[in-house]
Amino acid sequence: MQTFSEGTYDAVVIGAGHAGCEAALALARTGLETLILTLNLDSIGFMPCNPSVGGTAKGHLVREIDALGGEMGVNADKTALQYRMLNEGKGAAVQSLRAQTDKNRYHTEMKRTLEHTPRLHIAQGEAADILTENGRVTGVVTSYGGVFSCRAVIVATGVYLGARTITGESVCEAGPNGFARATLLTDCLVRLGYRVRRFKTGTPARLDGRTVDTSALAEQPGEEVYPFSFLNDAVPPKAAQTPCYLTYTNRATHEIILANLDRAPLYNGAISSTGPRYCPSIETKVVRFSDKERHQLFLEPEGADTTEVYVQGMSTSLPHDLQKKMYRTVKGLERCEIVRYAYAIEYDCIDTLDILPTLESKQVQGLYTAGQINGTSGYEEAAAQGLMAGLNASLRLRGKPPLVLRRDQAYIGVLIDDLVTKGTDEPYRMMTSRAEYRLILRQDNADARLTEIGRQCGLVGEERYQKYLARKALREQTAALLNMRADQKTADALVQRHGQPPLSSGVTYAGLLRRGIPLDDVRQAFGILEDVPRDVLLSCETEIRYEGYLKRSRAEAEKAKKMDLSPLPADIDYETIAGLRLEAREKLARIRPVDLGQAERIPGVSPADIAVLMIYLSLKH
């Protein structure tokens, strides 16, 4: 093939999904000439599955992306149709923001953002090869022979690499939503030292909303919660938000599925790749949870300018004829018409034990991977990795130390540490239960944890930083006010109203919170803090109410941090260290942890093995 120069850049990002967009923006906004290469400009920031942002633990990721200077939260707020706070009846640590977004507008707004970002260039084409020299990245070659010379490459191919969609007996060599797939890069990744595997995900059908009867369904209205981005002050009022609707599968739905498992690709052998455990198809739900009489479904709008409706909870790869029968058994969908049939999609991804905590390849300097190529599922996980890959590539190119967030600093740190330390044998999804310090890693304090870090890396601009400083001052003022003494008479009445014994002496507002009285009740009773944003109030209330637990968590985090400060040389020969068990030697040699903290978190490495490593390090020094 004849090659020709397409120009020289500091970095090239392959793929313009949620990971690729964040990576490219992080690079360009920190002053580097960046090219983003995509198969199709119409797929920039595309949402091939649920048109939503956030959700359990995912909302935490979006707010962290925003606190660091990323774009997902900003774009979600621009295009949101509805907001809800999940787990609001539970503790602050597991409450998660979620927004239903306008699918087309999300794409359009993200594309506009890329197009108007200085130093960011966009090109349509397929990456065919990654050029290297002496173990370093030197460029990207396209399928038509164009060479983009560069010093760093971020591979963010999503589910397009080697993609094929499966619906019943029909298999199509294509990417999501009928977009063209990428076919040329997998061999290159293998040659560069990555181990490649096949994962699977899926999506439900889209219905014509005019054929859906919502009159007998439970309405799920929006809520006036706080926005994703710390740059924004409020969300639209409830009346301006678009409702969703709740319905359920039933016995008739399940009977159709069970009677046709021989035509279900997941059960007849047509699909052998690994799918997401926590977002299973409806076939898997019916078979795995045979004791359940019904499964919950949400009918969600795809956008403000379309009648398409997304059926959350009913992903399937059954044949088209069965899909229509199955959907029409559901209450409210009896006369539904399908405008886009559901499908499963298989794709190539890498083994994340082949990458460093910076998301850089262990084999090739300047080569990074981010998003579903790293075996994760979800837009939010992808965007978080894209931001970190782009930022670390930028830091390297600018001659600055890398950024690796600890598990006590961010959900992003938990996500990446899990990937590079434990690996994943199935599409990885972030959950609050994966974070051992989740009481520290709340949505409400993401800016307090991360914005200074983003500022030091050069990604947080002046407007965002001034907003952060103002919020920080407001948080401090609110905390100071809550520690002031409350009016005794009003306090006595409030305590009595909550069925508590009378106060024996004066009390502060914080003291009332520690007694379990909600902050909203304290505000109303005393007429205080009326104009303070909800997330600032939540942050202050949580810090007061859980002061003892937070102190203990922070102490545990400091103890773990000391282990992270004990680096392990990259060239250690674990086979020669006496006292290490065989399993530990194999795992340590495979993963090559960067410090004792990471070594301690490797499955199969025991406390005794860590003690041996500590002795080894002390003797070496």
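Reader: Which residue does Arg 407 form a salt bridge with?
Author: Glu 436, and the closest N and O atoms are 2.9 Å apart. Arg 407 sits in the loop between α9 (379-397) and α10 (411-421) and Glu 436 in the loop between α10 and α11 (446-456), so the pair ties together parts that are 29 residues apart in sequence. A salt bridge here means a side-chain nitrogen of Lys or Arg within 4 Å of a carboxyl oxygen of Asp or Glu.

Reader: What kind of model is this?
Author: It's a predicted model, where local features need pLDDT of at least 70 and side-chain atom pairs count only at pLDDT 80 or more, while totals for chains, interfaces and linings use all residues. Residues are numbered from 1 along each chain as its sequence is written, and side-chain values use heavy atoms, leaving out hydrogens and water.

Reader: Back to that pair. Is Arg 407 buried or exposed?
Author: Arg 407 is buried, with a relative accessible area of 8%, and Glu 436 is partly exposed at 42%. Buried is under 20% relative accessible area, exposed is over 50%, and partly exposed is in between (1.4 Å probe, protein chains only).

Reader: What does Lys 422 pair with?
Author: Lys 422 has a salt bridge to Asp 418, with 3.5 Å between the closest N and O atoms. Bridges with shared partners join Lys 422 and Asp 418 with Arg 407, Asp 417, Glu 436, Asp 564 and Arg 601 in one network.

Reader: How many salt bridges in total?
Author: The count is 54. One of them joins the side chains of Arg 198 and Asp 348, at 2.9 Å from N to O. Arg 198 is in strand β14 (residues 196-203) and Asp 348 in strand β21, so this pair ties together parts 150 residues apart in sequence. Helices (H or I, at least four residues) and strands (E, at least two) are DSSP runs, numbered from the N terminus.

Reader: And where is Tyr 347?
Author: Tyr 347 is in β21, residues 343-350, and its relative accessible area is 0%, so it is buried.

Reader: Which residue lies over the face of Phe 230?
Author: Arg 63, at 4.1 Å from the ring centre. That counts when NZ of Lys or CZ of Arg is within 6 Å of the ring centre and within 35 degrees of the ring normal.

Reader: How many residues of α2 are buried?
Author: Eleven of eleven in helix α2 (residues 58-68), including Arg 63. Gly 69 comes after α2 and has a positive phi, near 105°.

Reader: How many helices and strands does the chain have?
Author: The protein chain has 20 helices and 22 strands. Of its 621 residues, 58% count as buried.
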